[in-house]
Amino acid sequence: MSEKSGIVILGIFAADTAYKAKRLPHIAETLMGSGFSLGPGGKGSNQAIAAAMAGGKVTFISRVGNDPFGVMALAAYSQAGVKANVMKMDGVSSGAAFIFVDEVSGDNAIIVVPGAAGLIGIEDVDANRVEIESAAIFMTQLEQPLEAAVHGLAMAKRAGVKTIFNPAPARAIPDEIYRLCDFIVPNEVEAAELVGHPITTDEQVRAAGRTLLDRGAQAVIITLGARGAFYHSAGQSEFVPAFSAGNVIDTTGAGDAFLGGFATAISEGQTPIEAIRFGSATAAIAVTRPGTAPAMPSRAEISALLRRS
């Protein structure tokens, strides 16, 4: 059998409409904002573009509407070098997201409407069986229906493909999904939701890692924003510091940048800790730029930051 290569990502596209202001408005209140942007987004879509920009060979599985936002999505994949196995649907809109960005801190709050991608099902996974089973990496999240994610992870796992599961947005997940994860990668909010306790101290982070490993995951990575990331497996437990690449402008998509970089590095045979450093460098550059997919750095930029650090 030929050697497995490349990254297959199942997820949604959503057009990101980002509004920058001093705070979120209250009900019935109107606030003046200080900035606006429109661009391609959605966790899976962002991860696919980040991985391709970082040097990965990427196939993205999704659905979009036959509308201007769908045209935007396909143009973004073409520009980034992503192979788009994306169904265009008539009569249903592409996904869209409202993103509030704090104009001082760069922190964000998001509302996502999946649109056409909310109709992703097991049939989309089955239609891409050959590419999933021949890939080095299969990665998915929770913005599309859960049954599609589980089906994809199970298909990849049976074929000996390394699986990366990003349990986002935070929600309850079935126990069976943990056993399908070579890497489960929540952020601190998602990890707290999964384990049922806060993730603020280092010991709480370690405890969450142990819990998720006990549920069946092969390895756990908890991303901690400016605190870096925590890696936990049966044989290794380590905090990996974050990188700094300049002033933080917009943290939207930082986790997706990390995951895209991490998946690329793992697909190339890097160790988990090396891959976490690669993903962290990817995210560090992305947050110094506005927007999501347009902010994803090139392989040359990531390599330059790693050399300097």
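F258 is buried, because its relative accessibility is 4%; buried means under 20% relative accessible area, exposed over 50%, and partly exposed in between, with a 1.4 Å probe and protein chains only. F262 is also buried, at a relative accessible area of 0%. The model is predicted, so local features need pLDDT of at least 70 and side-chain atom pairs count only at pLDDT 80 or more, while totals for chains, interfaces and linings use all residues. Residues are numbered from 1 along each chain as its sequence is written, and side-chain values use heavy atoms, with hydrogens and water left out.

**Aromatic pairs**

A pair of aromatic rings is described by the distance of the centres and the angle of the planes. Rings of Phe, Tyr and Trp (its six-membered ring) pair if their centres lie within 6.5 Å; planes under 30 degrees apart count as stacked, over 60 as edge-to-face, and the rest as tilted. There are six aromatic pairs in the structure. Two of them share F262 and are set out below.

| Pair | Centre to centre | Between the planes | Kind |
|---|---|---|---|
| F183 and F262 | 5.2 Å | 85° | edge-to-face |
| F258 and F262 | 6.0 Å | 5° | stacked |

Helices (H or I, at least four residues) and strands (E, at least two) are DSSP runs, numbered from the N terminus. F183 and F262 are both buried. F258 and F262 are four residues apart in helix α8, so about one helical turn separates them. Elsewhere, Y19, F36 and F98 form one aromatic cluster.

**Helices α8 and α9**

Two packed helices are described by the angle between their axes and the distance between the axes. How do α8 and α9 pack? Helix α8 (residues 254-267) meets helix α9 (residues 272-286) at an angle of about 145°, and their axes are 7 Å apart. Axes here are lines fitted to C-alpha atoms, for helices over the stretch in contact, and angles run from 0 to 180 degrees between N-to-C directions. The crossing of α8 and α9 is right-handed. A crossing is right-handed if the near helix is turned clockwise from the far one by less than a right angle, and left-handed if anticlockwise.

On the α8 side, the contact (heavy atoms within 4.5 Å) is made by A254, A257, F258, G261, F262, A265 and I266. On the α9 side, the residues include P272, A275, I276, F278 and G279. The residues of this contact divide into twelve nonpolar, four polar and no charged. Ala, Val, Leu, Ile, Met, Phe, Trp, Tyr, Cys and Pro count as nonpolar, Asp, Glu, Lys and Arg as charged, and the others, Gly among them, as polar.

Helix α9 is mostly covered, with twelve of its 15 residues buried. Among them are I273, A281, A284 and I285. The buried residues of α9 pack against β11 (219-223), β12 (229-233), β13 (237-240), α8 and α10 (299-308). The 15 residues of α9 should span 21 Å at 1.5 Å a residue, and its end C-alpha atoms are 21 Å apart, which agrees. The expected span is 1.5 Å times one less than the number of residues in the helix.

G39 lies in strand β3 and counts as buried, because its relative accessible area is 10%. G39 touches A14, A15, D16 and M72, leaving aside residues up to four places away in sequence. G39 and M72 are 33 residues apart in sequence, and their C-alpha atoms are 7.7 Å apart in space.

A28 lies in the loop between β2 (14-21) and β3 (35-41). A28 is exposed, because its relative accessibility is 84%. Most residues other than glycine have a negative phi, and most peptide bonds are trans. The phi of A28, however, is near 70°, a positive value in a residue other than glycine. A cis peptide bond joins A168 and P169, with omega about 0°. P169 is in the loop between β9 (162-165) and β10.

A242 is in the loop between β13 and α8. At 34% relative accessibility, A242 is partly exposed. A242 touches G225, A226, R227 and G228, not counting residues up to four places away in sequence.
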